[in-house]
Amino acid sequence: MSPALRAFLRSPAGILGVALLVLVLVAAASADWFFPRDPLSLAGRPLQWPGQNPRLLLGTDNLGRDIAGFICHGARVSLLIGLVATVVAVGLGTLVGAIAGFYGGWVDDALMRVTEAFQTVPNFILLLVLVAVFGSELEVITIAIGLVGWTAPCRLVRAEFMSLRTREYVLAARGLGVRDAGLIFREILPNALPPVIVYASVVMAVAILMESALAFLGLSDPNIASWGNMIGAGRSVLRTEWYVSAIPGVAILVTVLAFSLVGQGLNDALNPRLQAV
Amino acid sequence: MTVHHAGPGAPLLALRTLSVRLPKGADREFALRDVSLQVAAGEIVCVVGESGSGKSLTAMAILGLLPGRVTLAGGAIELEGEDLAALPPARLRGIRGARIGMVFQEPMTALNPLMPVGRQVEEMLEEHTDQPRPQRLARVLELLAEVGIPDPVAAARAFPHELSGGQRQRAMIAMALALEPRLLIADEPTTALDVTTQARILALVKDIQRRRGTGVLFITHDFGVVAEIADRVVVMQHGQVVETGPAQQVLHAPQHAYTQALIAAVPPLAPPTRPAAPPGPPVLAVQGLRKTYRSGGVLARKRVVEAVRGVDFTLHQGETLGIVGESGSGKSTVARMLVRLLAADAGSIHLQGEDLLALNNSDFRARTARIQMVFQDPFASLNPRRRVGEIIAQGLRVHGTPRAEAEARVAEMLALVGLDPGAIRRFPHEFSGGQRQRIGLARALAMQPSVLVADEPVSALDVSVQAQVLRLLAEAKQRMALSLVFITHDLRVAAQVCDRILVMQRGLVVEAGATATLFAAPRHPYTQALLASVPGRGWEPGAGATPPARAE
């Protein structure tokens, strides 16, 4: 077992995070098994409280949809959006940050101005603009969320590259005749990754929250069972049947918490200063 | 155990069978084991040892500044008869600074960068005395003058980065002396300094000891420094005192095998007599090499540093050419330009008749095998995430050597540098500094270069390891018909290794010549100053010593 994995398993935050994440994953994986019906279809009389009907464990919302089934199917959507958006954000951010940090000079100046242009617009406003322009299909939303979140990983990677590029082992590789691509991807990137991996968990949590916020405003894809959609639907009955919004809210809370805790565990495991005696 | 013969009366400082325990899981149970030593007033005691010997920890233990989880496990620390080990932390704080002054290795990090130097010295007085402000300020200037800072008023107002390294260390010493402590602890105070600055700081420490009768506990790894200032010497190894005695006795007739081995590993300052081999054909010809660093952009203030201002030299086949100089002389810039890690502004570098600077990047990349570099820092020069086998084979693979052939070469190189063949599957952190430096050397040699540029290859190593790596370099040079450019600040090493030497100062070569001639009759004042500053130059290591037994 690698020392990093061992350190991760020693961190209580990491273990709790993994446990919660497993819970969410099981819900997502078993959705078709326990709730084979379309989660968007009518399951019974609207607005039944949880426990009121033994067949509908968590009750129904104001459109008569089964909340439990909706939550399980929604877990898939949330995880998918979180994962893909994170890959887009971290991938793009890493690439741009690596090039800016490695070459410096005018390349860095140009790329950083682009990054700053993105950063000056509040993330959520930018997301609304993108959705307004390109529509609200699931794919568009996911990529849009990724696009608004790439600047922070980009700056992180750039800073790492700027400090690592003058390390002697990088100079040595350059002296051996290694090309720039080899230096960037094989010499520097593996050493720059640990903080990025830790940060990716934050990006993932933020991506899930962003989709929920969009859905709450009714701007997400209405044809998918996303947690935000249900919170948005429950808004109109918030004062009497508060559980319609609260249950998917708890699901979001648990998922975001899981990713944050995993991130903290990774930080403990990958941060060598904490690992030292 | 040591005997009590520390002059009249009680010693100023006495450690009695001091033991310090390391946390569980460390490589040994005790960092210090039964360490006993004494410092009398007006005496300089040098604690000397290699890395991991526990010499710095001894200082930390005296000051009550042991890192967390490292604990005192027994023994006494008596300062003028009072046992510091038994005192509560609050009392110790009053003793640190007031009765024990401390000087650290790196004055840049030991001083607060955001506070003027004078204010930092004044803080010491403010903390420990009730002198009124005007009196404190006068005292600060007096102290700065006493440690030999030329313009105390200006220095007091300056921030640490505005002073030179030597000035900063003087300011640190002024701080340590502010409260007139009877005991001064100096932990490698000159290691980060240039050799001429080091000589002046050593003279200052000696002067303070003589004028004030301060007892000095001086921690160092350098036997040259010991020869320069020590009255008595304590030699440490693996957390234990292995030998202690008057400086003359330890330096000239060491008793313990470890001390003998350490002293035998110190390179003598006199160059060995070499057979005057006829110079081979020139391999590397450098002409008019220049480099100017410019920083700042459209909005920032422009700064221009002329690092190298026109350097010419020729390296002959089979020769070792030394480039010596202090920090800022431009010697490392020259090294990096030779392998094109830095772009030269002007000049030419002809390697076997071909101008490297005229090549474009991909043509140069194809020729990197012919000129290779060895770096200074054995911990930074190997990628921590790659296995040793990959590191050594890297250059070969880049140049298209088939895998099987590359692997065979890696095995050959490991054997050449004296490492176990199993090393290929291990990661750099599993090796010691000396072993890592051998891996770095194997990486360069695997390319079968004709010229090897070694930038301070042994400066970061302990003296005994240093000797091994130098021997290895000499062997490799013989076996592989290498020509060597050897950059160093250490004149002892240069004397042993180099056939010819260039002395650089502020970007210019001020003197060049055969090593023996240059050491015997330096012509340029700067060369003379460098040679005069080598610590312990009057001491001939090994002279009068019994033949060294093998260490370990």
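Reader: How many bridges join strand β7 to strand β8 of chain B?

Author: This model is predicted: local features need pLDDT of at least 70, side-chain atom pairs count only at pLDDT 80 or more, and totals for chains, interfaces and linings use all residues. Residues are numbered from 1 along each chain as its sequence is written, chains are lettered from A and ligands numbered from 1 in the order written, and side-chain values use heavy atoms, without hydrogens and water. Strands are DSSP runs of E, at least two residues, and helices runs of H or I, at least four, numbered from the N terminus; two strands pair if DSSP finds at least two bridges between them. β7 (183-187) and β8 (215-220) of chain B run parallel, and the bridges joining them number 5.

Reader: Which strands stand at the edges of the open sheet of chain B?

Author: The sheet has 6 strands in the order β6-β7-β8-β3-β9-β10, with mixed pairing. Two of these strands each have a single partner, so one side of each is left without a neighbour in the sheet. They are β6 (100-103) and β10 (240-246) of chain B.

Reader: At about what angle does helix α8 of chain B run to β8(B)?

Author: Angles run from 0 to 180 degrees between N-to-C directions, with axes fitted to C-alpha atoms, for helices over the stretch in contact; contact means heavy atoms within 4.5 Å. Helix α8 (195-212) lies across β3 and β8 of chain B. Its angle to β8(B) is about 155°.
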